[in-house]
Amino acid sequence: MINVSQSIRNVALVASPGSGKTLLSEALVYTANAIDSMGSTLKGTTLSDFELEEIHRHHSVSSSLLQFNWKGTQINLIDTPGSLDFFSDVKSCLRAVDSVVLVVDASHGIKSEFEKAWEHIQTLGLPCLLFITGLDKERTDLAATIAECCTVMGVTAVPLALPLGHEAQLSGVMDLVQKKSLLSNSTQAKIQEEELTSDQLTQIENARRQLIEKVADTNDQLVEKFLTDGEFTQEELVEGLTFGTLEGQLIPVLCGSGLMNVGMSLLLDAIHAYLPSPDNWSHRHPINGKNPQTGEVLRREGDVAEPFSATVFKTTIDPFMGRLTYVRMHSGMLQADSGFFNATRDTKEKGGHLFFALGKKFTQTRSLVAGDIAAIGKLKETLTGDTLCEEKHPIQFTPPPHIRPVMSFALEAKSKQDIDKVSVGLHKLVEEDPSLEFLRNEETKEMLISGVGQTHIDVTLEKLKRKYGVAVNLHTPKIPYKETIRCQAHAQGKYKKQTGGHGQFGDCWLQIDPLPRGAGFEFQNTIVGGVIPRNFIPAVEKGTIESMQHGTIAGFPIVDIRVTVYDGSHHPVDSSEMAFKMAASMGLKKAME
């Protein structure tokens with residue numbers, strides 16, 4: 001069987017906001033002849049940023065999948081958002097890929113968002129390429145930008161290309177590995193080769209010498225070869241670069257401009273040559289899981305012959321396509337409309353149509369194999385982070401932890417008729433974005449929405465209005481205050497009522513003690529001698545609990561106390577559960593006072 005996984009590259013584009021990452025992805029797809037012309041972020045015509053919230057902000061607010069072919073290699077490119085408000089999406093996507101292209105704008109340098117993403121990439125151990133974009137802008141310096149990257153990232157960066165032209169005159173790049181020049185522009189996807197001048201040849205030879213020295217340090221055999229011959233063959237150089245990249249010993253650096261479509265073909269060639277296929281990467285780093293029934297540790301090595309398994313890294317609810325579940329195939333094969341097992345939720349799914357994606361354009365496919373990334377239509381129970389597998393061979397992979405919200409607002413529908421729509425719409429948006437939280441506070445009776453930042457909340461409410469036709473007002477949430485005590489207290493609760501015939505009588509002595517914060521409520525019975533019959537003790541506890549709902553200071557619930565009933569009296573005829581319930585309530589209020 002031909003291993004299809006060897007011809008796949010799963011790559012995430014990662015950068016800080018405003019680094020030109022979306023333009024870069026547009027240029028890559030255009031260079032691969034998957035589209036007829038390049039879109040613009042300013043005009044809102046790019047493949048990646050197709051949501052209205054992204055179009056008017058000119059920034060990515062969610063990840064998008066771009067799948068295209070380059071010289072026989074299937075490239076699954078995930079354009080991730082740069083803002084930390086949407087970093088949960090980035091973390092989820094990084095679990096679905098085998099490698100990363102880091103993008104740095106030469107005019108901006110490295111920002112804090114980039115550093116946070118880089119830390120997470122290092123934790124996952126993903127091999128990377130570094131692309132320096134924006135070289136068509138004024139006052140940009142490739143060497144200075146690479147030096148900054150090496151300092152901040154703590155890596156050995158090896159340039160594989162040099163720019164042809166400077167700033168506005170940027171017209172192409174010089175390939176240090178192949179020793180040739182490549183000209184390109186934003187109006188023509190075809191790449192033109194040009195004869196090198198003597199000055200350019202000298203520049204290439206000097207830079208190539210430094211490249212070879214750094215590559216030689218990755219491998220003892222290459223060191224010996226370098227010391228003996230002082231030169232590598234083309235195959236040896238590519239082999240050394242690939243080995244160093246996969247082992248994390250170095251990061252190849254390419255350069256150009258997404259806006260000008262410069263350097264794209266060389267970046268695509270580098271993705272094919274130096275970044276791992278799913279087959280290669282999974283054999284180096286098998287993914288571990290567990291049997292959800294027995295807890296036994298299991299592993300998948302990314303082989304088509306292994307049982308089917310996949311993880312869900314993204315969920316969207318499209319107005320035309322319905323619910324789309326984006327999965328990364330880890331092993332085995334999956335046929336369209338075939339059922340499978342959700343190990344995370346212990347439920348069966350009927351399956352649906354399978355789609356490859358180019359932004360918001362979808363193409364149906366009949367089957368998926370290990371290493372594929374695709375969308376499955378209309379799954380009912382499956383959410384982001386879930387594991388899909390064969391029921392006969394269950395396995396559950398550990399999902400990445402979601403970023404917890406740090407900001408909350410109370411919201412109310414502008415129209416009372418839309419209250420139900422608010423709840424339905426926000427629950428669907430939470431399914432798409434697990435870093436969101438939506439709940440109704442039982443104490444304040446408010447609907448609360450929580451997110452990672454202000455932009456996160458704003459985007460969510462814009463989607464709520466656009467997709468579900470609901471406008472809301474935000475305000476500061478009410479604080480659900482609680483009351484408690486600082487020291488021990490005693491009090492008698494005595495309820496006596498005589499109205500002719502049988503009366504009501506209940507008498508109990510209570511002791512209240514403070515408990516540590518968050519300990520809740522404890523009730524103890526230390527009655528001896530039957531001064532309060534045993535059958536009335538539950539009524540004392542119930543009266544105490546009901547009285548705790550309204551404190552004595554400001555009427556807020558009472559928490560973190562221990563209530564002990566230790567003495568009292570009863571009447572053989574007039575005592576009842578209701579009487580002792582009232583007595584306990586009176587006793588607690590007196591003790592609190």
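Author: Helix 11 passes helix 12 in a right-handed crossing. A crossing is right-handed if the near helix is turned clockwise from the far one by less than a right angle, and left-handed if anticlockwise. This is a predicted model: local features need pLDDT of at least 70, side-chain atom pairs count only at pLDDT 80 or more, and totals for chains, interfaces and linings use all residues. Residues are numbered from 1 along each chain as its sequence is written, and side-chain values use heavy atoms, with hydrogens and water left out.

Helices (H or I, at least four residues) and strands (E, at least two) are DSSP runs, numbered from the N terminus. Two packed helices are described by the angle between their axes and the distance between the axes. Here helix 11 covers residues 419-432 and helix 12 covers residues 454-468. They pack at an angle of about 120°, with their axes 10 Å apart. Axes are lines fitted to C-alpha atoms, for helices over the stretch in contact, and angles run from 0 to 180 degrees between N-to-C directions.

Now the contact itself (heavy atoms within 4.5 Å). Helix 11 brings Lys421, Val422, Gly425, Leu426, Lys428, Leu429 and Glu432. Helix 12 meets them with Thr460, Lys463, Leu464, Lys467 and Tyr468. By class, the residues of this contact are five nonpolar, two polar and five charged. Ala, Val, Leu, Ile, Met, Phe, Trp, Tyr, Cys and Pro count as nonpolar, Asp, Glu, Lys and Arg as charged, and the others, Gly among them, as polar.

Next, the largest pocket. Its volume is about 880 Å³. Of the 44 residues that line the pocket, the closest to its centre are Glu51, Thr316, Glu432, Lys463 and Lys467. Elements that give two or more residues to this lining include strand 14 (309-318), helix 11 and helix 12. The largest share, seven residues, comes from helix 12. The lining divides into 20 nonpolar, 13 polar and 11 charged residues.

A pocket is an open set of points on a 1 Å grid over the protein atoms alone, with protein on both sides within 12 Å along at least five of seven lines; lining residues have an atom within 4 Å of a point. Grid points are joined across faces, edges and corners, and a volume is the space filled by probe spheres set on the points.

The second largest pocket has a volume of about 650 Å³. Helix 1 gives the largest share of its lining, three residues.

Definitions and conventions. On a 1 Å grid over the protein atoms alone, a cavity is a set of points where a 1.4 Å probe fits but cannot get out, and a pocket is an open set with protein on both sides within 12 Å along at least five of seven lines; lining residues have an atom within 4 Å of a point.
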